[in-house]
Amino acid sequence: MVNLVKNLRHHIPAVLIIVCLLIVQAYCTLSLPSYTSDIVDVGIEQGGIEDAAAVQISEETMGYLMLFMDEDEQETVEDTYTLEDGVWYLDEDIKDTEEISDVLQTPMVLVYQLSALSEDSFKEMMEEQLSMEAGSLSDMSLEELGAMMGLELDTSEDEDGEITVNMLSLLQTMQEAGMLDSDTLLSMADEMAEQYGDSGELIFSSIAIQEVSAEYEKVGVDADQIQRQYLFRIGRRMILMTVLMSVAAIFACYFASVTTAKVAKSLREQVFGKVLSFSNSEVDRFSTASLITRCTNDIQQVQMTTVILLRIVLFAPILAIGGIVKVLSSHTGLAWIIVVAALAMTGLIIGLVVVAMPKFKIIQRLIDRVNLVSREILDGVPVIRAFGREKYEEQRFDRANDSLMRVQLFTNRVMSFMMPCMMFVMNGVNLLIIWFGAKGMDDGLMQVGDLVAFMTYALQIIMAFMMIEMISIMLPRAAVAANRVDEVIKTESEIRDGKDASDYEERKFKGELTFDHVTFAYPGASDPVLKDINFTAKPGTTTAIIGSTGCGKSTLINLIPRFYDVTEGSISLDGVDIRELSQRKLREQIGLVPQKGFLFSGTIESNIKYSGDSVTDTIMEEAAATAQATEFIDQKNDRYQSEIAQGGTNVSGGQKQRLSIARALAKNAQILIFDDSFSALDYKTDVALRKELAKKSAGATVLIVAQRISTVLYADEILVMNEGRIVGKGTHEELMKSCETYQEIARSQLSEEELALNGGADVCR
């Protein structure tokens with residue numbers, strides 16, 4: 001995970017932009033449920049009336065309301081409302097109505113409840129006020145009761161024929177007559193709040209809204225217009241939030257995609273550049289198949305997961321935290337459900353990571369194995385067919401493939417188990433919310449819109465955890481992939497430039513190579529491959545190296561361009577240890593034809609001119625002529641523009657070898673190395689090539705590794721190797737007299753007549 005995040009360190013501004021966009025997206029997403037709640041509770045249930053601050057109140061009703069206000073509250077109302085033609089109008093410049101709503105809410109509730117009190121309820125109230133026995137006034141008429149009180153009661157008859165008493169008018173009359181003081185009226189509000197308890201605020205608000213609605217009807221305000229205006233206002237906000245959310249999401253996706261594409265590009269450049277700097281030791285340690293996997297599959301995993309990291313891993317916590325804050329501020333009393341769900345999902349995610357992470361490490365190794373086996377089989381198809389081993393190779397591939405499949409099945413089963421668990425938690429949360437929410441509505445603690453909003457927030461929180469769970473499936477594997485990529489990037493090559501390499505950058509080298517007591521052992525090997533090698537190859541001379549297979553000839557050649565570094569001793573170029581030079585400077589002096597000729601996809605021209613722009617057409621044609629490649633090139637319709645397939649699969653082995661030789665000659669290097677580069681040539685072509693090569697490389701240091709005596713016969717010096725040592729050194733004639741190993745090679749390849757012709761018949765007889 002650390003390596004995944006580390007890849008973003010060069011893209012901090014883009015990440016900050018993405019975070020800001022995700023915050024905007026989350027804010028808009030979390031705002032929509034509250035708007036939905038407002039539409040249900042206020043827009044539909046309350047007819048668009050938001051609070052007790054009515055825009056118009058009749059003079060009569062305002063008088064009743066002021067019965068239940070203290071002097072400060074009455075002053076606030078008078079400062080906020082203006083009386084015109086018997087109606088109090090809310091000042092238009094009042095934007096925040098919360099304060100006046102708090103003042104009016106309780107009086108509105110009392111006015112609503114006392115404006116039409118039934119006869120029986122009125123008598124029960126009077127019995128309580130007069131401390132009389134219950135039922136004492138049941139037989140007395142309202143007129144008689146009013147006469148007893150010395151007041152005229154304001155009565156009316158409702159639609160059902162029931163007599164009701166306007167208690168507000170009575171209280172107003174009693175206050176005016178001095179029979180009732182203000183403190184008694186104010187205490188009624190406190191008693192009512194205590195009576196309703198915890199549910200008082202919600203019930204008070206609901207009753208106050210009903211009174212406002214009744215007042216609008218009384219003064220002739222168009223209630224439908226108010227409702228429409230409210231719904232349109234909230235609807236516009238929802239549309240605006242949705243558009244803003246979409247724009248933020250689109251730009252977040254854009255910046256995330258661009259950023260991760262740059263991360264992947266940078267990783268590929270770093271890995272590829274590092275691989276190119278590797279010596280053969282590092283390539284052997286990682287293996288070619290693993291390096292290919294790391295450059296392709298692993299970086300692809302990192303790129304794909306980084307996109308999700310920037311979009312989901314950042315967005316999900318923001319959404320979850322925002323949802324939790326909204327839930328805690330909703331005062332529904334159901335927040336504990338979200339806490340339980342969050343703990344359950346966190347436990348599931350942790351369990352997933354603990355179980356799956358080790359398996360993902362194994363998966364990447366098994367993918368390397370499948371790639372290795374596949375590459376070997378594809379490269380060795382001719383050999384496999386020739387030996388009839390198709391069945392064996394199929395079984396070998398099946399074993400590697402089955403191992404990968406079994407581990408992947410295990411991880412997939414774990415992931416498949418997680419999703420039902422998440423769905424169980426989500427449905428369980430919904431069930432708990434509905435159960436306890438319905439109970440809360442029954443107790444008057446919440447409204448329908450509150451429950452809808454809470455369920456939406458809960459769903460968003462759970463979805464955020466589900467998104468985290470989904471990414472947690474990919475994170476372990478991506479973390480392993482990132483570690484594997486980082487391992488390549490952090491690996492330092494054993495072959496490094498010398499500290500004072502810059503001192504030799506301008507120096508012109510002649511090409512004299514000296515091996516001074518050189519010993520070399522491959523990394524991890526117990527015995528050295530080369531032992532105490534001493535010789536000097538001078539400019540203008542040809543040094544040939546011959547010996548049995550596996551004696552270390554190619555290994556010796558690989559030490560010159562520093563594909564490996566010597567274990568003991570030194571190799572010097574014009575007296576300078578090659579380890580003191582930069583690798584670029586050293587390899588500029590060398591034209592190498594490897595043992596296995598390799599061509600790049602392109603054309604014949606691009607392959608011969610591979611050493612750089614300094615190779616002109618004239619140089620290219622001269623090099624091709626020297627390498628005896630002109631014959632088959634001229635037979636092609638496009639000549640030097642003829643296509644070469646990947647790996648040179650559309651040319652023969654001899655043609656591939658001649659083009660490789662031409663490529664090295666075109667470089668015009670001071671040192672020419674031919675590592676068994678004439679093996680695919682017929683005798684006639686071999687002779688012609690060596691004859692032309694002698695002219696072309698007159699001033700160069702030439703080293704030839706060969707198996708055939710005929711190839712090294714006329715070399716200025718021949719080194720005979722056996723079991724990693726030089727057992728003979730000299731010309732052909734000298735070695736035929738002094739070196740038993742060379743004699744054995746010569747007798748095995750040349751007839752008595754040929755040996756005699758070359759001056760060695762007397763030794764061989």
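Predicted model: local features only at pLDDT ≥ 70, side-chain atom pairs only at ≥ 80, totals over all residues.

Author: In it, both Phe520 and Tyr564 are buried.

Reader: How do the planes of Tyr522 and Tyr564 lie, and what kind of pair does that make?

Author: The planes of Tyr522 and Tyr564 stand at 85°, with the ring centres 5.2 Å apart, so this pair is edge-to-face, an angle over 60 degrees being required. Tyr522 sits in the loop between S7 and strand S8 (530-537), whereas Tyr564 is in the loop between H18 and S10, 42 residues apart.

Reader: Is Tyr522 buried or partly exposed?

Author: Tyr522 is partly exposed, at 27% relative accessible area. Tyr564, by contrast, has 6% and is buried.

Reader: Which residues make up the cluster formed by ring pairs?

Author: Phe520, Tyr522 and Tyr564 are linked into a cluster by ring pairs.

Reader: Changing topic: which residues of H24 are buried?

Author: The buried residues of H24 are Thr685, Asp686, Leu689, Arg690 and Leu693. They lie on the same side of H24, because the arc they cover around the axis is only 125°.

Reader: And what do the buried residues of H24 pack against?

Author: Their packing partners are helix H21 (617-626), helix H23 (653-666), strand S15 (671-675) and helix H25 (709-712). On the face turned away from the buried side, H24 carries the exposed residues Lys684, Lys691, Ala694 and Lys695.

Reader: Finally, where does the charged end of Arg389 sit?

Author: The charged end of Arg389 is over the ring of Tyr392, 4.4 Å from the ring centre.

Note on methods:
Residues numbered from 1 in each chain as written. Heavy atoms only, no water. Buried < 20%, exposed > 50% of the residue type's maximum accessible area, 1.4 Å probe, protein only. Helix = DSSP H or I, 4+ residues; strand = E, 2+ residues; numbered from the N terminus. Arc of directions from axis to C-beta. Contact = heavy atoms within 4.5 Å. Phe/Tyr/Trp six-rings, centres within 6.5 Å; stacked < 30°, edge-to-face > 60°. Lys NZ or Arg CZ within 6 Å of the ring centre and 35° of its normal.
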